[in-house]
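Thanks, everyone; I would like to take a few minutes on the aromatic residues of this chain and then on the sheet around them. Please have a look at the sequence and the model first.

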Amino acid sequence: MSDHLTHVHAPDGVAPGSGYSHVVWGSGRFVAISGQCALDADGRLVGEGDAGAQARQVFENLRRCLAAAGAGFDDVVKLTYFVTDAAHLPAVRAARDEVIDTGCPPASSAVQVSALFRPGLLVEIEAFAVLPEGPRP
């Protein structure tokens, strides 16, 4: 858990979310990560037809993008999931739970879309992070 972030799981009068925080804020440097899909470093699809395998590759791509900014999953304040079928969400959540602190999950939104930019893609995820100012401890 990052000490520069505050998570509110259920503000007064709002039903608690299942596996996400309703509100997350922090102080520091804002980082936006473009939507990542299940493509390897050579642009090849990983996990054709397998939402879990695709989600794991997406989170690996997100990890690499966050690292490029000096960030990690503890700095993520918001994840947005785009899935071609809402039935993929449990597999996406399982992959997410392997990389985030489930006690302080980021804010999240999930959207079912008719298609992603390339045939065979089932999941795309974008992330927003806030890094603390100055050097990391």
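Phe30 and Phe128 make a stacked pair, with 5.7 Å from centre to centre and 20 degrees between the planes, where stacked means planes under 30 degrees apart, edge-to-face over 60, and tilted the rest. Phe30 belongs to strand E3 and Phe128 to strand E6, 98 residues apart. Phe30 is exposed at 55% relative accessibility, while Phe128, at 25%, is partly exposed (buried is under 20% relative accessible area, exposed over 50%, partly exposed in between, with a 1.4 Å probe and protein chains only).

The model is predicted, so local features need pLDDT of at least 70 and side-chain atom pairs 80 or more, whereas totals for chains, interfaces and linings use all residues. Residues are numbered from 1 along each chain as its sequence is written, and side-chain values use heavy atoms, without hydrogens and water.

Turning to the other pair, Phe59 and Phe73 are tilted, at 6.0 Å centre to centre and 55 degrees between the planes; Phe59 sits in helix H1 and Phe73 in the loop between H1 and E4 (helices, H or I, of at least four residues and strands, E, of at least two are DSSP runs, numbered from the N terminus). Phe59 is buried at 2%, and Phe73 is buried at 12%.

Finally, the sheet is open, with four strands in the order E3-E6-E4-E5 and mixed pairing, pairing requiring at least two DSSP bridges between two strands.

Notes. Rings of Phe, Tyr and Trp (its six-membered ring) pair if their centres lie within 6.5 Å; planes under 30 degrees apart count as stacked, over 60 as edge-to-face and the rest as tilted.
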